[in-house]
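Please keep the sequence and the coordinates in view while reading.

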Amino acid sequence: MTMPTAPVILFDDDHYMYVLKDQAFAEAWWEMPDEFTVGFDALARPLSMTGEPLDVRLALAGKEPEEAELRRLVADHYRSHLRGQMPPQATALADFVAALPREGC
């Protein structure tokens, strides 16, 4: 199966966004698969998370991009957690993802 394209964008059960540099970093960073709500790779393809506590795995959950959903969730994150800041406004997906704040990079 195709690997997720870096970076990966994950949202926890509080809808907090994490932009992690790659799949391996995300798997090392994330501890509990049940805290994962939704995730995307840099091409806006949905991700799934499986595994046991402290041993999670990310995989593509679909091949079709869900760009509108990614942008909606990013906007929700900014409204809830980064009040007063604007989410990236880039039209091109690659530019939008590149403008997201990174964790651990």
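The sections below treat the basis of the model, one aspartate, and the aromatic rings.

## Basis

This is a predicted model, in which local features need pLDDT of at least 70 and side-chain atom pairs count only at pLDDT 80 or more, while totals for chains, interfaces and linings use all residues. Residues are numbered from 1 along each chain as its sequence is written, and side-chain values use heavy atoms, with hydrogens and water left out.

Asp22 lies in the loop between β2 (17-20) and α1 (23-29), where helices (H or I, at least four residues) and strands (E, at least two) are DSSP runs numbered from the N terminus. Asp22 is partly exposed, with a relative accessible area of 29%; buried means under 20%, exposed over 50%, and partly exposed in between (1.4 Å probe, protein chains only).

Leaving aside neighbours within four places in sequence, Asp22 is in contact (heavy atoms within 4.5 Å) with Ala6 and Val8. A polar atom of the Asp22 side chain lies 2.7 Å from the backbone nitrogen of Phe25.

## Aromatic rings

A search of the whole structure finds four aromatic pairs, counted for rings of Phe, Tyr and Trp (its six-membered ring) with centres within 6.5 Å, planes under 30 degrees apart being stacked, over 60 edge-to-face and the rest tilted. Among them, Tyr18 and Trp30 form an edge-to-face pair, at 5.0 Å centre to centre and 90° between the planes. Tyr18 lies in strand β2 and Trp30 in the loop between α1 and β3 (36-40), so this pair ties together parts that are 12 residues apart in sequence. Both Tyr18 and Trp30 are buried.

Methods. Polar contact = N/O pair within 3.5 Å; in protein donor to acceptor, adjacent residues only side chain to side chain.
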